Amino acid sequence: VDRTEVIWSETTREMVDRGDWSDPRYGSVVHQYRPIGTFWAQGVARWLAGPTHDRDIIVYRLPGFLAVTLAVLALFWLGRGLVGPETALIAAALFAVSPLTVLVSQLAIAEGLSLLPATIALLALARIYTNEDETVVTALLFWVAVGIGILINAFLVSILVLVTLIALYVFDRDLRWLKRLRPMMGVPIALALGSPWL
């Protein structure tokens with residue numbers, strides 16, 4: 001379904017075999033623009049599986065599957081504060097069986113892994129937007145998710161957040177609520193988490 005799955009998994013396999021976790025390359029091609037976090041997640045799975053399973057594609061698909069599973073649980077956990085437990089459970093169940101969610105959970109690509117930080121970042125943003133009394137922990141969760149999203153899949157999560165903020169501004173013409181995100185604390189955290197990619 002996605003030919004880049006081979007590039008991700010073979011690059012990871014070679015990286016682990018060489019013992020150089022900072023140099024993702026596929027043959028002689030260095031993938032310096034592909035975020036290192038996905039290679040690291042797949043590399044840990046490959047390392048745990050051992051050399052006898054180094055060409056087993058399931059090993060490289062496992063991190064994405066786990067991330068998607070955690071994204072479904074995060075939707076329920078963070079969604080309860082927005083819509084109540086029953087509705088959050090239904091939303092999580094529908095999310096779990098949607099075709100795109102199922103597809104990315106079965107492939108060794110960055111999109112499956114990035115679904116977790118994207119889900120957490122957007123739900124934390126929704127909670128901060130709708131609740132003036134949301135705690136600093138939610139803001140911290142938002143920034144950690146953005147940083148991990150950068151590490152795993154470049155600017156995908158950041159773009160989703162930016163598009164959401166633009167849409168909210170178009171509807172509300174008010175961005176004063178963004179202070180509740182605590183950007184002075186959060187931006188350095190997100191940049192520090194995402195910096196290994198750079």
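Author: The expected span of a helix is 1.5 Å times one less than its number of residues, a helix being a DSSP run (H or I, at least four residues) numbered from the N terminus. This is a predicted model, in which local features need pLDDT of at least 70, side-chain atom pairs count only at pLDDT 80 or more, and totals for chains, interfaces and linings use all residues. Residues are numbered from 1 along each chain as its sequence is written, and side-chain values use heavy atoms, without hydrogens and water.

Reader: How far apart are the end C-alpha atoms of helix H2?

Author: Helix H2 runs over residues 36-49, so its 14 residues, at 1.5 Å a residue, should span 20 Å. The model agrees with that expectation, because the end C-alpha atoms of H2 are apart by 20 Å.

Reader: Which helices do the buried residues of H2 pack against?

Author: Buried (under 20% relative accessible area, 1.4 Å probe, protein chains only) applies in H2 to Ile-36, Gly-37, Thr-38, Phe-39, Gln-42, Gly-43, Ala-45 and Arg-46. By contact (heavy atoms within 4.5 Å), these buried residues pack against helices H1 (4-18), H3 (57-83), H6 (110-130) and H7 (136-153).

Reader: Which residue just after H2 takes a positive phi?

Author: Most residues other than glycine have a negative phi. Just after H2, the positive phi, about 90°, belongs to Gly-50.

Reader: Is Arg-173 buried or exposed?

Author: Arg-173, in the loop between H8 (156-172) and H9 (183-194), has a positive phi of about 55° although it is not a glycine. Exposed means over 50% relative accessible area. At 58% relative accessibility, Arg-173 therefore counts as exposed.

Key. Helix = DSSP H or I, 4+ residues; strand = E, 2+ residues; numbered from the N terminus. Axes fitted to C-alpha atoms, helices over the stretch in contact; angles between N-to-C directions.
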